[in-house]
Amino acid sequence: MSEKNLALLTFGCQMNKYDSEKIVGLLENSGIRLTDNLDTADIIILNTCSIREKAEHKVYSQLGRLTPLKKKNPNLIIGVGGCVAQIQGKKILQRAPQVDLVFGTLNINKLPGFIREIEETSARISDIDSNSDIDTDSAAIKREGAVQAWVNIMHGCDNYCSYCVVPYTRGREKSRTRESILTEIRGLSEKGFKEVTLLGQNVNSYGSDLSEGIDFPDLLSLIDKIEGIKRIRFITSHPKDLSDNLIKAMAELPKVCESLHLPIQSGSDSILQNMKRGYTSGEYLKNIDKVKEAIPEISLSSDVIVGFPGETDEDFEKTRDIIKSVRYDGIFLFKYSPRPETPASEFSNQIPNDVKQARFENIMELQKEITLNKNKKLEGKIVEILIEGNNKNDNSKLTGRTRTNKLVTIPTEGGFKKEDLTGKLIDVKITRANLYGLEGIIVGSRQ
Ligand code: SAH
Ligand code: SF4
Ligand code: F3S
């Protein structure tokens, strides 16, 4: 049988990117190769996101674009996985006749079997059941990069924030065991990876469902001991569960980077309460003060939603106030988008889109000023950069990141070989800063 080609389109967050690395690995083990070319693919899979309405619409418009390919090649297998698949299940088969397979976020391991079945019987399959074993053999994961890797430490979310679909798309919170995580990271280190980013919807509650007596700071200190790994990052921390122990671990463990993503969502206490976030703006700010005191170089980032139902001008001002007072290095800003099944979508006082848009632009401007100002402070400083590889836009330059997760572009003048520097920690003097990143020159090597 000739080799089959897989085209994979990934939308959404890092969880989905990591799941896509699993999908590629699992299918490559069945002799299927990844291609960028949709026209020559035998299998096309969309790994979908449903966090906002727009993301979900994108799935159907993408599927529409695939119809002519299916007409040209009736043997083409079109699959839909990810968060939209998990919520909509066989509704997708009904709405999009060109789709052969719908699979969920909890049964990715079954994918090779689904593909085989479709090839043999031409069946149309929808299966979003949870698999008894969500974990994929980590050796099978086909990583996109060679320096930095994602490592999922827990699945699902139990928080049910009133606006959010994730608890419905990713199921109940379930921590991976310490041994399976450490085995995965040791394997990465052996392959030459230098940085891991631990993934979970609420990493601070890691371990609470395990009988191992382990929590997130414990896990960080175990990973910190793994030889070869130089940097540890994690997303996302939920503010309601940020413990003093975690702040201490971040301050003390040398490999844990000075970077914290702590989504505030809103600065107004009544909105926070209606969002069911479980903290007040005062409690949040107290935590931020503790973090800044323990880790003075910390870079902070956040998610912010504008236009949540009932958000008044006064509530919105409070969100501006908290952004001004924390001074985040960067934020991810969203207009509230009503999601089916979530309580907030039924709230009566929805905000008109023009108001959401104006608030969105207003905060965007405010944050740009803060980000630029913070980046400018690095001009002239010498910082440690982990080189990730060639710059995507200019092959003569390298790309790396500061420990605080800022992107740096570095020319390779002065006899430095690009290949020799990838995966290395380098001292770089920052020569220029702008809104989107930094530029710098190499002044020394650390290894
Ligand atoms: N677990 C993470 C968030 C994951 S979703 C946490 O709790 O911080 C990423 C971000 O998408 C959220 O932080 C939120 O800001 C945004 N988001 C989620 N649902 C949304 C919705 N219905 N409308 C607009 N933004 C939303
Ligand atoms: Fe969604 Fe809240 Fe869970 Fe984050 S913590 S994934 S916002 S329900
Ligand atoms: Fe991520 Fe989107 Fe799902 S943000 S968890 S891919 S809904």
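1. A word on naming to begin with: helices (H or I, at least four residues) and strands (E, at least two) are DSSP runs, numbered from the N terminus. This is a predicted model, in which local features need pLDDT of at least 70, side-chain atom pairs count only at pLDDT 80 or more, and totals for chains, interfaces and linings use all residues. Residues are numbered from 1 along each chain as its sequence is written, chains are lettered from A and ligands numbered from 1 in the order in which they are written, and side-chain values use heavy atoms, with hydrogens and water left out.

2. Two backbone details deserve a look. In the loop between β8 (154–155) and α6 (166–170) you will find Tyr160; its phi is near 45 degrees, a positive value in a residue other than glycine.

3. Tyr160 turns up again beside ligand 2. The shell there (residues with a heavy atom within 4 Å of the molecule) consists of Cys157, Asn159, Tyr160, Cys161, Tyr163, Cys164, Val166, Pro167, Gln201, His238 and Arg277. By class, seven are nonpolar, three polar and one charged. For these classes, Ala, Val, Leu, Ile, Met, Phe, Trp, Tyr, Cys and Pro count as nonpolar, Asp, Glu, Lys and Arg as charged, and the others, Gly among them, as polar.

4. Which residues surround ligand 3? They are Cys13, Asn16, Cys49, Ser50, Ile51, Cys83, Arg170 and Gln201. That shell divides into four nonpolar, three polar and one charged residues. Gln201 belongs to the shell of ligand 2 and also to that of ligand 3.

5. Next, the strands, where two count as paired if DSSP finds at least two bridges between them. One open sheet has three strands in the order β12-β13-β14, with parallel pairing. Its edge strands, each pairing on one side only, are β12 (259–261) and β14 (330–335). Strand β13 (residues 299–306) is joined to β14 by six bridges, and Asp303 has Phe332 as its bridge partner in β14.

6. There is also a closed barrel of five strands, running β15-β16-β17-β19-β18 with mixed pairing. Leu398 has Ile410 as its bridge partner in β17.

7. How do α8 (residues 216–224) and α9 (residues 244–252) pack, and at what angle do their axes cross? The axes come within 9 Å and cross at roughly 15 degrees; here axes are lines fitted to C-alpha atoms, for helices over the stretch in contact, and angles run from 0 to 180 degrees between N-to-C directions. The two helices are therefore roughly parallel to each other, a label for angles under 35 degrees. In contact (heavy atoms within 4.5 Å), Phe216, Pro217 and Leu220 of α8 meet Asn245, Leu246 and Ala249 of α9. These residues divide into five nonpolar, one polar and no charged.

8. Finally, the axes of α12 (residues 313–326) and α13 (residues 353–376) come within 10 Å and cross at roughly 15 degrees. α12 and α13 are therefore roughly parallel to each other. The contact residues include Phe316 and Ile323 in α12, with Ile363 and Leu366 in α13. By class, the contact has five nonpolar, three polar and four charged residues.

Methods:
Parallel < 35°, antiparallel > 145°, perpendicular 65-115°, else oblique.
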